[in-house]
Amino acid sequence: MPRTDGRILALDLGTSSARALVLSADASPVPGALARHKIGAVYGPAGEATLDLHDYIEGLLGCLDELQQNGHLTDITDIVLSSQWHSIVALDNNGAALTTVIPWVDTRSVDLALDPAFDERAFHARTGAWLHRLYWTRRIPWLRSITSPAGYAGLPDLVLERLTGERVTSVSVASGTGTLNLADGGYDDEALAVAGVKAEQLPPIVPTGWTGALSVEYARRWPGLVGVPIHPPTGDGAASNVGSGGYDASTAAVTVGTSAAVRVVHPIEDAPELPWELWRYRVDDQRAVTGMAFSAAGNLHAWLTGVLNLEAPEPTGVEIGSSRVIAIPFHAGTRPPDTVPGGSGVYFGLSFDDSAADLLAASLQGASLEIDRGLRMLDALFDRPLEVVLGGGGIDASAWWRRCLTATFDRPTDVCAEPEVGARGAAAVALGLSPSPGGEHLDPVAAEVERISVLRPRYETLRALAVQASTETSSW
């Protein structure tokens, strides 16, 4: 039975910020009890994208200091974590970092020399992942080509180690590495062989019910957290689904943050056969999450409003589906199974009478149509039109984009009014809660649906051309 008293400390390890916030016992954010450390990835011309590990962790600890100074670290009963998936750090023999944090957006990799008998479709069905640069099966050989690691860990594993003194990982975070056997919840032997690594070189996987405790060194710094159980981290995609209300197989959650995704949470037992185009990770010991992710979302919105110097984050005066411009949002490349590199964003149909608002509208529509591709695949997988709930900071920032997504999906759509869906979801997974989406109900407008429907075939044709072109050249 859920607690009715006490408070929860949630740590949200994002790509653009690290946050610490306090939630009530029902996983609702406590007003004013949030501290944020902005994160800036360093990008390079060869596909580099790195995060400074020391700055990240010290910034997160500083967030706890801020909450402590403002009197918010009292009556805390549990500490939960939501974390970006897919990050990796190479470690030396003493467990010290040899590299910066390599997040999902980094596109560096090496080719793999595979046995001719290797069956990637069987591998995908078993691990939910592909042999793509996003995953450790490709990251580890690449890291080995540039340094001499003794071990590897993800960002959430190292944060947990800093807090508790134990370097372990959760089944949820491990599933995002592409090295987990989804069925048994352990590292997959074939994935380890492809990566050229032994299980002992990776963090041990602990069950969902595991808890750690704050290290003695932090007892004076945050006395209110001494003895408080620290739960294993939940991958941000899984946490966001649960936190926005998409915690069973009837509902697809669309989350728009720095990147975007559409996902369905369902029992791991008797899960439907995984299509090649979709991934599957774990939420916890009993549940999986199946979906599709997209590299351009809030980052695309922020980039374009900055480049065009737009004062308002809305394409004011542009009706949904009316712009002649088609945007293929491959600015940051694509997620697997496509292998389009970063720097491949395209705008078709530009003319001298197009405005900044037209370009912004085309970009948001392109991102919406990408998400719609994934939603339709999930409809087919679960054999019914799924209910949809929208959540995340990008959804919160733009009413036009919310309406555009609703029109694109051509079905009633709920909007989660709470922007901190990752923190809520991590608390719900760790403590067995089921937060409802809440928020407003948006009905699609018939004319907008018609325009989007007319737009979709042209978009899909141009998208196919863009994917094909990316296989012939490394840049546009």
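Mentor: Two strands are said to pair if DSSP finds at least two bridges between them, and the strands themselves (E, at least two residues) are DSSP runs numbered from the N terminus. The model is a predicted one, in which local features need pLDDT of at least 70 and side-chain atom pairs count only at pLDDT 80 or more, while totals for chains, interfaces and linings use all residues. Residues are numbered from 1 along each chain as its sequence is written, and side-chain values use heavy atoms, with hydrogens and water left out.

With that in place, strand E1 spans residues 7-13, and E1 pairs with two other strands, E2 and E6. With strand E2 (residues 17-24) the pairing is antiparallel and runs over 7 bridges, and a hairpin of 3 residues connects E1 to E2. With E6 the pairing is parallel, again over 7 bridges. Arg7 shows both contacts: its bridge partner in E2 is Ser24, whereas its bridge partner in E6 is Ile76.

As for burial (under 20% relative accessible area counts as buried, over 50% as exposed and anything in between as partly exposed, with a 1.4 Å probe and protein chains only), 7 of the 7 residues of E1 are buried, so by that cut-off the strand is mostly covered. In a regular strand the side chains alternate between the two faces of the sheet. In E1 both faces are covered, with Arg7, Leu9, Leu11 and Leu13 buried on one side and Ile8, Ala10 and Asp12 buried on the other.

How values were computed
Helices (H or I, at least four residues) and strands (E, at least two) are DSSP runs, numbered from the N terminus.
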